Amino acid sequence: MIDFGRLRRAPDIEASNLAAYDATDTYLLDFAAERGLLSGAITALGDRHGALTLGALSGGAEHVRSHQDSIVHERALQGNAVTVGFSSDAFDQLPLSPEVVRDARTVLMQLPRGLDALDELAATVAVGAHPDTVLIAGGRVKHMTHAMNDVLLRYFDTVEPQHARRKSRLLVAMGPKRDAAVQWPKRQHHARFDVTLVAHGAVFGGAALDPGAATLLDHIDEFPDTPTAIDLGCGNGILSVVLAKRRPDVHVLATDVSSAATTSARLTAVENGMQDRVDVRRADGLEGIPVGSAPLIMLNPPFHLGAAVHKGMAERLIEDAGRALAPGGELLCVWNSHLRYRPLLERIGRTRQIARNSTFTVTATRA
Ligand SMILES: C[S@@+](CC[C@H](N)C(=O)[O-])C[C@H]1O[C@@H](n2cnc3c(N)ncnc32)[C@H](O)[C@@H]1O
């Protein structure tokens, strides 16, 4: 096995309380190896920084097809492959599609946090993998619920929980229901903004209207009238599409690290006839956006980093926005009032409060 201690999270946020692998990765790999399941072609789903993919290769897999939702996680796997000496030919990095699981007999999965994300992953495996496939899904016990077993039982004949090891547990699912109905992506219409949202399972908030996004959009008439706008961390595309519908001349760039988000935002744009004025790009923060170029940025920042609540990412995105804003440009931001983002925003420009209710604060920061 590889020396897991050599793996790095970079370019993901690094911090003393955040690791590049966990006891679930090693339990998944040991369990599969002990049962002779690490041979031939393997699929890894939800690998974070490469421990599963590279661990499977060093444990005997000839090739790994890997799906990681985050572009940052894809890059971490690439970097760690170089560190531990695997060629990039040894694995494919693929979107969530039938291709990533096609004919796989062993699928290793880091359980996602959300049940909808798990539902789409399990459906993809059941419908596309080999009939004899063994899906080994693992997570930290404190993040697991019985509802996860129920989701897996929608798509597999049997689900066997394994005993906990170092605070991680595995669920082994067999007997894929190959004719299961795949219900993704899902659509929901929201009369409040006359918009239909489309969402894959792993998207923040699904196809529902996020109350933070809705609070920001309630003040859309106060947004400056600009020829272009950026929707940073676009999720299902709500902010981009409502802005484009309301302002017939604006062109919006929607960006997100998550492939579920960018795929969903594209579908939301098409569903609402806005695809000509909403471009969607999978990117880490505002990479690729020239310094001092953006007249308007909208941000409903993330505050979860994996399973940990970590304000590092929101802080980084606000700093990114500060660099990308054109002189006089504005960052419109909605945030949970208890999070105290005001000083961070003041660091990048003069900030005024547009609205505040018991939960959310909406601010405009001018560069
Ligand atoms: C709170 S959600 C907001 C989604 C949507 N804009 C809304 O208002 O409903 C935050 C989004 O930020 C994305 N995100 C997290 N880290 C990011 C990064 N480094 N670069 C771009 N997007 C990121 C997440 O994937 C998530 O979709």
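Guide: Start at the ligand, where 19 residues form the surroundings. The closest are D210, A213, G233, G235 and N300. Keep in mind that this is a predicted model.

Visitor: Which helix and which strand each supply at least two residues of the shell around the ligand?

Guide: They are helix α8, residues 238–246, and strand β11, residues 251–256.

Visitor: How many residues of each class does the shell around the ligand have?

Guide: Sort them by class. The shell has nine nonpolar, seven polar and three charged residues.

Visitor: Back to α8. How many of its residues are buried?

Guide: Seven of the nine, so the helix is mostly covered. The buried ones are I238, L239, S240, V241, V242, L243 and A244. To call a residue buried, we ask for 20 or more other C-beta atoms within 10 Å of its own.

Visitor: Let me step back. How many helices and strands does the protein have?

Guide: There are eleven helices and 18 strands.

Visitor: What does the radius of gyration say about the protein?

Guide: Compare it with the value for a compact globule. For 367 residues that value is near 21 Å. The protein has 21 Å, which agrees. Along its principal axes, the C-alpha trace spans about 60 × 40 × 40 Å.

Visitor: What share of the residues counts as buried?

Guide: Of the 367 residues, 50% do. Look at the contacts too. Take those with a separation of 6 or more: 69% of them join residues 24 or more positions apart.

Visitor: Which domains does the assignment give?

Guide: Domain 1 runs over 4–176, and domain 2 over 186–366. Their C-alpha centres lie 30 Å apart. The contact between them takes 19 residues from domain 1 and 16 residues from domain 2.

Visitor: Which helices each supply at least two residues of the side of domain 1 that touches domain 2?

Guide: Helices α3, residues 71–84, and α5 do. The most comes from α5, with four residues. By class, this side of domain 1 has ten nonpolar, three polar and six charged residues.

Visitor: How should I read a nonpolar core?

Guide: Begin with the general idea. In soluble globular proteins, nonpolar side chains tend to be buried together. Now the case here. The largest nonpolar core has 112 residues. Those touching the most other members are A56, L108, I136, I297 and A321. Helix α5, residues 115–128, gives the largest share of this core, seven residues.

Visitor: Where does this core lie relative to domain 1 and domain 2?

Guide: Both domains give residues to the core, so it lies between them.

Visitor: Which residues is I297 in contact with, leaving aside neighbours within four places in sequence?

Guide: I297 is in contact with I230, L232, A321, A324, L325 and L331.

Visitor: Now D47. Is it buried or exposed?

Guide: Count the neighbours. D47 has 28 other C-beta atoms within 10 Å, so it is buried. D47 is found in the loop between β1 (41–45) and α2 (51–58). Set aside residues up to four places away in sequence, and D47 touches L52, T53, S66, Q68, H73, L77 and Q110. For a distance across the model, take D47 and G328. They are 281 residues apart along the chain, and their C-alpha atoms are separated by 41 Å.

Visitor: What should I look for in the backbone?

Guide: Look for exceptions to a general rule. Most residues other than glycine have a negative phi, and most peptide bonds are trans.

Visitor: Which peptide bonds here are cis?

Guide: P11 is found in the segment before α1 (23–34). Another is the bond from W184 to P185, with omega near 0°. P185 sits in the loop between β7 (168–176) and β8 (186–190).

Visitor: Which residues have a positive phi although they are not glycine?

Guide: R166 is one of them, with a phi of about 45°. R166 lies in the loop between β6 (156–161) and β7. D194 also has a positive phi of about 45°. D194 lies in the loop between β8 and β9 (195–199).

Visitor: Is R166 buried or exposed?

Guide: R166 has 11 C-beta neighbours inside 10 Å, so it counts as exposed. D194 is exposed, with 11 other C-beta atoms within 10 Å.

Terms used
Residues numbered from 1 in each chain as written. Predicted model: local features only at pLDDT ≥ 70, side-chain atom pairs only at ≥ 80, totals over all residues. Core = buried A, V, L, I, M, F, W, Y, C linked by C-beta atoms within 7 Å. Buried ≥ 20, exposed ≤ 12 C-beta atoms within 10 Å, placed from the backbone. Domains from an automatic or database assignment. Contact = placed C-beta atoms within 7 Å. Rg over C-alpha atoms; globule rule 2.2 N^0.38 Å. Near = placed C-beta within 6 Å. Nonpolar A, V, L, I, M, F, W, Y, C, P; charged D, E, K, R; others polar.
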